[in-house]
Protein chains: 2
Amino acid sequence: MNGADALIETLIDNDVEACFANPGTSEMQFVSALDRQPKMRSVLGLFEGVVTGAADGYGRMAGKPACTLLHLGPGYGNGLANLHNARRAYTPIVNVVGDHATYHRQYDAPLNSDIPAIVAPNSLWVKSADSPDVVGDLAAEAVAASYGAPGGPVTLILPADSAWLETSRRGPRINPPGKAAVSDGAVADIAKALRGAKKPVLLLGSGACNDAAFAAAGRLAGAGIRVLTDTFITRTPRGAGRFAPDRMMYFGEAAIADLEGVDLMVFVETVTPAAFFAYPNRPSVLVPDGCETATLADRSHDGADALSRLADALEAPAQAKVLDLKLPDPATGVLTPAGVGAAIARHMPDHTIVSDDSVTSGQPILNVTRTARPHDWLGLTGGAIGQGIPVAVGAAVACPDRKVLSLNGDGSALYTVQGLWTIAREGLDVTTIVFANNSYRILGIELGRTGAGAPGPASSKLLSLGEPAVNWVSLAQGFGLPAVRCETAEAFDAAFARAMAEPGPHFIEAVIA
Amino acid sequence: MNGADALIETLIDNDVEACFANPGTSEMQFVSALDRQPKMRSVLGLFEGVVTGAADGYGRMAGKPACTLLHLGPGYGNGLANLHNARRAYTPIVNVVGDHATYHRQYDAPLNSDIPAIVAPNSLWVKSADSPDVVGDLAAEAVAASYGAPGGPVTLILPADSAWLETSRRGPRINPPGKAAVSDGAVADIAKALRGAKKPVLLLGSGACNDAAFAAAGRLAGAGIRVLTDTFITRTPRGAGRFAPDRMMYFGEAAIADLEGVDLMVFVETVTPAAFFAYPNRPSVLVPDGCETATLADRSHDGADALSRLADALEAPAQAKVLDLKLPDPATGVLTPAGVGAAIARHMPDHTIVSDDSVTSGQPILNVTRTARPHDWLGLTGGAIGQGIPVAVGAAVACPDRKVLSLNGDGSALYTVQGLWTIAREGLDVTTIVFANNSYRILGIELGRTGAGAPGPASSKLLSLGEPAVNWVSLAQGFGLPAVRCETAEAFDAAFARAMAEPGPHFIEAVIA
């Protein structure tokens, strides 16, 4: 057994069973060791942004980490943006970053860089396994650290000689750390504050967006307390049979208007909400004037349990308010995001997973799928575009029996378009939709909001994806996917219905106005 | 004038005239300010790896920095790998990384991250302009820092409020710092050592690979001293009428064999050569046993001047040994990298710029183009693949009157394939060639060298780009380029000849065995 074997065996012993990879020379021992342990499923991404986003999607759905295999500092850098999103999603991920042999680092060879510095901002835990005998123990430590609470990406640096040298030591099996229970006193204090408030709201973070938390939050809604979630949530259970909290609005002034008159905000696995960006003369903190704030559970706490006990303390109804199934009529004529949403709502089967990187097209789809069949919605937690295709890859690997939808703005999809190839290679049951408006439309809106005025010639060109327009069908086919272009609501509805009826990869370019 | 105007005006005053960009909301003021200063040419990349690689290609050819415009930590992260390459190329680049407004940082909004930490490993200089009144001065400081000596990427963080608030202060025009002259004593010492050596070699780093340095090095070659360069060089003047140093071999044991019997290595703007990677039982330091080493000029010194004075001290011939023009016969039959090289050598015009990310296909092309028409060769300095297309973009923007070739392994081209769109949009005179062997071929070689053995089922899949094979013509056309696939040497020669005869973008898939 060499160090690479010790690493993989320890990961397998700790239920880390998927490896998303784009290896290089320094990772060849790890790659070779994969041949000796078939329980580890390895999936190649043609670019590290695909690799890390896939690990995020896998972790969101599996509730346990995948590992990534990345090539030194630049390989990690290529995957950094989706690890930023994963950090904001609290997704457990074990990054394995290959490095030069320990004795070779001193020569500053071309691929040498300060890996610990590059990885630190998006890693809960960073260590380098500088001898084969510590690889296993550090791998176990890394898995434990990735669970948190709350969880997130961690990084184990693996020098090449630690991988190729022999060892007899594999790491232990660890017990994933759980979230701590909120104290009885804290629950009682919040219950008292809620009783005394005129217009209270609960604000749920990603950790408190799951079936158990929503069941409890839905009881509290039944007791007259409005429930919202943060704008971007790791994984939201949605659709018929589920409680549907509102969502904090994206633009700060809209959020403040929506919260008018609220006198108490109670945070559950989240913190004081802030605007996504600052703008001249607009609010940064999204709490109305005079509103009190209190925390029921921070992110290390079990928010679902605390909500359930809070519902009991407030003598809330035993059952949550839940939605009935209600499907929209098909849309007609010009294709719009809402029309796409209508087709999705009509045809997506139970337990569909939606990976959302659709930017300006997203809200209309959220609206129209609210009462669709039950599904899970994976949001753009960190705001770094290019997540929609990779997260769908990982979700499909984690859940091979569920349909996966990948919703993407065209600008977003272009960031990690190489992920289409992994969908094709693995034959994943992913339907990828790209909203082709040939622009970074959000930036046209934002240009005005930042007070920068109307776009002139230079800025118009920087905000446009036209000249030339990308031919999405050609791109998707080039990566090996069957692909169609839809320009009307009727055509989209028919294409989407076909995609839902047939297992395997599908690609639809939605030409929207 | 707001802070964004102050930044752009200061950059223009310092001859920074190209901005490679993928902006987001926090950069909208900068984008808007571009409308007010038409001297700054802005070029959109669909992914930040394209943006930063283009800035590298521009800097290598223009000899002065372009600026990039990047969106917070994740945007920089997406461009990190090509900035790693640029750092290793000593290319001056001024990165402008937008950040949240200064007062908004404390709220840790979703896109917030530790930007200074992420950028530090690949930045010679990092500062944040936390008020509009310091933007201009810091911009001038950034430009100066990017020149070195030696140069490299620097990073100016621009908070949104520093961009949108008014200021009356723009930065000064700076004098780019130059390289220091080597002392007379140092030149005399090296001359003496060379006279006493039996088999000396000179090793030139990137800073000493230019016409002036090669003219002097070629004189020393005429005096019987062998001249080599580092394996990967920022910009090598090559072809007829030029002195042609040898190149340090890539694999360590080959390099050591090539240097057998050498008793003195003299470094000129470089350091002790190290193997690209370490391997079990193979050398890391590429200096033969018993060989002495000495430094004529370090990277902050003017190597060309030192070489010239050294040639005088050694009474070397007044003229360098240079190559005569010699073009190969056309290749026939099965297409190979050497056959591609023959077509390139035959048809590329004077002053072609070659951006090389061709990995295993590269050496045969270097061999056959050695006596071609004069050209410049831009190498993969940092070893992070995905440079070939972006660097070609930047070189073409810097040198609109020169033909640019982009040579790419298929695995490399897929990293930053979005750059094809920028070539199409800008109508750049770039001919992109992808060597389609449907594999990470270098890794098949490396797997054996690291002692990992023959590939099994998992590793074979991780090293293959087949299943499905990428349809390169479809991809390139999807991004708006005219594209052809060539499967024979004759077809490639004809397609390449056409590309050289017609200005504007061309794409050729070279199907190689």
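Reader: In which kind of crossing does α3(B) pass α4(B), right-handed or left-handed?
Author: The model is predicted, and the answer is taken from its coordinates. Where α3(B) passes α4(B), the crossing is right-handed.

Reader: At what angle do helix α3 of chain B and helix α4 of chain B pack, and is α3(B) roughly parallel or roughly antiparallel to α4(B)?
Author: Helix α3 spans residues 48-62 of chain B and helix α4 spans residues 72-89 of chain B, and their axes are 6 Å apart. The packing angle is about 25 degrees. Angles under 35 degrees count as roughly parallel. That makes the relation of α3(B) to α4(B) roughly parallel.

Reader: Which residues in α3(B) meet α4(B), and how do the residues of that contact divide into nonpolar, polar and charged?
Author: From α3(B) come Glu48(B), Gly49(B), Val51(B), Thr52(B), Gly53(B), Asp56(B) and Arg60(B). They meet residues in α4(B) including Gly75(B), Asn78(B), Gly79(B) and Ala89(B). By class, the residues of the contact of α3(B) with α4(B) divide into 5 nonpolar, 8 polar and 3 charged.

Reader: What angle and what relative direction do helix α9 of chain B and helix α11 of chain B have?
Author: Helix α9 covers residues 211-222 of chain B and helix α11 covers residues 303-313 of chain B. Their axes come within 8 Å and cross at roughly 25 degrees. The crossing of α9(B) past α11(B) is left-handed. The two helices α9(B) and α11(B) are therefore roughly parallel.

Reader: How do the residues of the contact of α9(B) with α11(B) divide?
Author: In α9(B) the residues are Ala212(B), Ala213(B), Ala216(B), Ala217(B), Arg219(B) and Leu220(B). In α11(B) they meet Gly303(B), Ala304(B), Leu307(B), Ser308(B), Leu310(B) and Ala311(B). The residues of this contact of α9(B) with α11(B) divide into 9 nonpolar, 2 polar and 1 charged.

Reader: Which strands stand at the edges of the open sheet of 7 strands in chain A?
Author: The order of this sheet in chain A is β9-β14-β13-β15-β16-β18-β17, with mixed pairing. An edge strand has a single partner strand, so one side of it is left without a neighbour in the sheet. In chain A that describes β9 (236-238) and β17 (483-486).

Reader: At about what angle does helix α15 of chain A run to β15(A)?
Author: Helix α15 (residues 388-398) of chain A lies across β13, β14, β15 (404-409) and β16 (430-436) of chain A. Its direction relative to β15(A) is about 170 degrees.

Reader: Which strands stand at the edges of the open sheet of 5 strands in chain A?
Author: This sheet of chain A has parallel pairing and the order β10-β8-β7-β11-β12. Each edge strand has a single partner strand, so one side is left without a neighbour in the sheet. The edges in chain A are β10 (246-247) and β12 (292-297).

Reader: Which residue in β8(A) stands opposite Leu203(A)?
Author: Strand β7 (residues 200-204) and strand β8 (residues 226-229) of chain A pair in the parallel sense over 4 bridges. Helix α10 (residues 211-222) of chain A lies across β7 and β8, at about 170 degrees to β7(A). In β8(A), the residue opposite Leu203(A) is Leu228(A).

Reader: In which loop is Pro468(A) found, and in which loop does Pro150(B) lie?
Author: Most peptide bonds are trans. The bond from Glu467(A) to Pro468(A) is cis, with omega near 0 degrees, and the bond from Ala149(B) to Pro150(B) is cis, with omega near -5 degrees. Pro468(A) is in the loop between α19 (457-463) and α20 (472-478) of chain A. For Pro150(B) the loop is between α6 (132-146) and β6 (153-159) of chain B.

Reader: Where is the place of Val359(A), and what is its phi?
Author: Val359(A) sits in the loop between β13 and α14 (362-368) of chain A. Most residues other than glycine have a negative phi. Val359(A) is not a glycine, yet its phi is positive, at about 50 degrees.

Reader: How many residues does the contact take from chain A and from chain B?
Author: The predictor gives the complex a pTM of 0.98 and an ipTM of 0.97. The contact takes 81 residues from chain A and, from chain B, 82 residues.

Notes: Residues numbered from 1 in each chain as written. Chains lettered and ligands numbered in written order. Predicted model: local features only at pLDDT ≥ 70, side-chain atom pairs only at ≥ 80, totals over all residues. Axes fitted to C-alpha atoms, helices over the stretch in contact; angles between N-to-C directions. Parallel < 35°, antiparallel > 145°, perpendicular 65-115°, else oblique. Left-handed = near helix turned anticlockwise from the far one by under 90°. Contact = placed C-beta atoms within 7 Å. Nonpolar A, V, L, I, M, F, W, Y, C, P; charged D, E, K, R; others polar. Pairing = 2+ DSSP bridges.
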